Amino acid sequence: MSDTVCLVCAVSKVNKMKKNFNIKTAVLLIIILFCFDTIKAKSIKSRLEKPSLGFSDSRIDTIHSISQQISNFKDQRVAAISLAQLADNVWSKDADYARSLFTISISKLSVDKKNEEREIARRKNAFLEVTALIAKNDPIWAKDLINGFAEEFGGSANVNLEIADRLLKDDSKRAAEFAAQSLQNEYTENFVRFLKNLRQQNEAEANQLFLQVISVFPHQRRVDANQFAMLGTYLFSSPFINSQDFQSVSLTRIGNIMFPNIAVSLPNISPNLVREYIRNAVIVIHRPSNEQNQRESKYALGYLLIPKAQEFAPDLVGAIGGAMASLTPEISLEMTNEDAFKYHNKTNSVTPSERIEEIEKIADSHTRDQLFLDIVFQSWRQNDFQTARIAAAKIENTSIKNELETLILFGEARVLIKNGEIHLGQATQIAEKLPVSSEKCLLWLGIAAEKQSRKLQATAELNSAQMTASRLNDQNTPFLLLFISGQMSEDDNFQSNTVLNEAINSFNRFENLTQSSLMRKISLEPLNLRFNLSVSGVNLDFQKNFEKVIVGREEEGLQIIESLKNESLKGQAFVILAKSLLSKVKNKPMKVDEIVVRVGEDGIRKSAVKKIMPAYPKESLQKKSKGVAVAEIQYDGNGDVSEVKILESPDSATGESVAKAMQQWKFKPSRMNDKAISIRGKVTFYFVIDAKGVGRVENPKQFQ
């Protein structure tokens, strides 16, 4: 049994008993691991006590102090996430110590019986954050964890997709791998949203994954035509949606059902993708269903895809028609009437002024205000401030009208800033007009950022931003002040420190504060709209801005962090400090007196005192991936594997399996002239599938 599986079992058992984890539990986990692997357990135990990051100055003590302080946080979920973030940064310097930090992190994912429902939700979020960071560095370990906890968190399909979401920013290829993993169990409705986000980073990977999901979809236990139509929004959209708004979906009434509007083909879409989608849609439509709404949805899907087939796959038009004909006797007569699709076939030909005139005829003032507010929102998003101002003026709710006036002025100034130096004077005039608000402060910061990018004076704007932020009393205040401190640090350390202290005091006034909100919410029930206040050149991300003020002043930084009361922010700050320290450390060096000797595979295998055979991954068996895998490994003077590099493998999963197995090998210590030496060489395995489809991993014949 592997260490990871042991860990998952231990954690799962304790969770089922509803017991909290603590430091004693970490020791218990070490004892459990000890039973299966004495050498590895001793190594982990020693590393929990003190890291060995390959350097011997005060930085090692600071890293150790950081890990201890995080581990002692009252909020175990915050401690788990912060330790995992620390481990992620440490990994490239010392993977073994990083593993021990990840192990402690996992041990803290317990549930408080006093508030179980809320705690389970928080625990799930922490588990996803921790596992995503593990997946960046050791995907096999992450998959083991997912298998161990998936049932508790809604099934492995959902968990794998949520892990993929978290990986997307840093590693789109690995994110796609975990998303594909989710398809082995079931399709989840958020998959198309992930696909669209993936396409923004890696279109080829997204297209390949799209082909995979549409081929899997028709063969699920239950096939939902609405969900398949939602998948179609990867290729098609609505005439009422801006083509740049890639995530939005418009629902239109067709007969008695609401259905995704897929009237318009998106630009630059591969004809092959459309053809494959239509081909699989025919299979979906043909699948029998006992539900009336599903039969009608399948008919609607076929109707909407006929013009697509005529353009991209003429040979499939007949197949769609045949599938629809088989449904006709089982659906309402209304659905077979052309009039059922009148709203879907309608184009967006109504102008904003015509809409305003129509709204003015409505008797109910609350309804009028709602519809005018919607026009303001849509126009504002498209930078059509003239229409937004006309609609806003017709709203009778005074408080909302005043808020919209500020937002419209802010939007106009934001566009002026983006258009460059020549318009900064006009933007400044607008900023001066606005009342004290986040919008006013953000405009000053946007103007300052634009001036700095063009090497112009920005001090006056930063001072104006600071004065505005100091007069605010909302949860954006500390984040604004921290950003201002970072901007000032480039020219005036004294003032930067003053603003930083003000930011820390402001953070301490708010509880449960984790991030800023660059959104202005305007509500007129049941309408809840969120206006995005982001400004070019202004990023209120806590980690990014704290890193800017901490670089070069790490010793002072430790005292600043310890003055923070909020454990979530404190954990992030500790990780940033550790990252800054680690950036000054080279990767774990080889001992000066240690020599590397290359030997043949026979020498490597004869020196091994502990051998672990790779497992045959299920996904590789399913894909019938077979062949040779070759790993180049190096072990140090103590006989511990220090490096594994996969040179060749049938696929990525088999390569990862070989790497995981080789990391667990143990060797006789080697010496030369009474000095410890490292040994390097290659090891070969064969992944074989017999006539019955059974897979096994074999050593080369001479080593069997």
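Which residues form a nonpolar patch on the surface? In this predicted model, in which local features need pLDDT of at least 70, side-chain atom pairs count only at pLDDT 80 or more, and totals for chains, interfaces and linings use all residues, the patch consists of Val249, Leu251 and Met258, with about 240 Å² of accessible area together. Residues are numbered from 1 along each chain as its sequence is written, and side-chain values use heavy atoms, with hydrogens and water left out. Patches are made of residues with over 30% relative accessible area and no salt bridge, like charges being joined within 9 Å and nonpolar side chains (Val, Leu, Ile, Met, Phe, Trp, Tyr) within 5 Å. Accessible areas come from the Shrake-Rupley method with a 1.4 Å probe, and for residues only the protein chains shown count as cover. Val249 is located in the loop between strand E1 (236-237) and strand E2 (251-254), and its relative accessible area of 34% makes Val249 partly exposed.

For the chain as a whole, 31 helices and 14 strands are assigned; these are DSSP runs (helices H or I, at least four residues; strands E, at least two), numbered from the N terminus. Of the 704 residues, 51% count as buried, where buried means under 20% relative accessible area, exposed over 50%, and partly exposed in between (1.4 Å probe, protein chains only). The accessible surface of the chain comes to about 33800 Å², of which carbon and sulfur atoms hold 49%. Among contacts (heavy atoms within 4.5 Å) with a separation of 6 or more, 69% are accounted for by residues 24 or more positions apart.

Side chains of opposite charge can pair when their charged atoms come close. In the whole structure, 33 salt bridges are found, each defined as a side-chain nitrogen of Lys or Arg within 4 Å of a carboxyl oxygen of Asp or Glu. One of them joins Glu276 and Arg279 (2.8 Å, N to O); both residues lie in helix H14 (residues 271-286), three residues apart, about one turn of the helix, and Arg279 is partly exposed at 35% relative accessible area. Another pairs Glu358 with Lys361 (3.4 Å, N to O), and Lys361 counts as exposed at 64% relative accessibility.

A salt bridge between Arg389 and Glu412 (2.9 Å, N to O) links distant parts of the chain, with Arg389 in helix H19 (residues 385-393) and Glu412 in helix H20 (residues 398-418), 23 residues apart. Both partners count as partly exposed, Arg389 at 37% relative accessibility and Glu412 at 23%.
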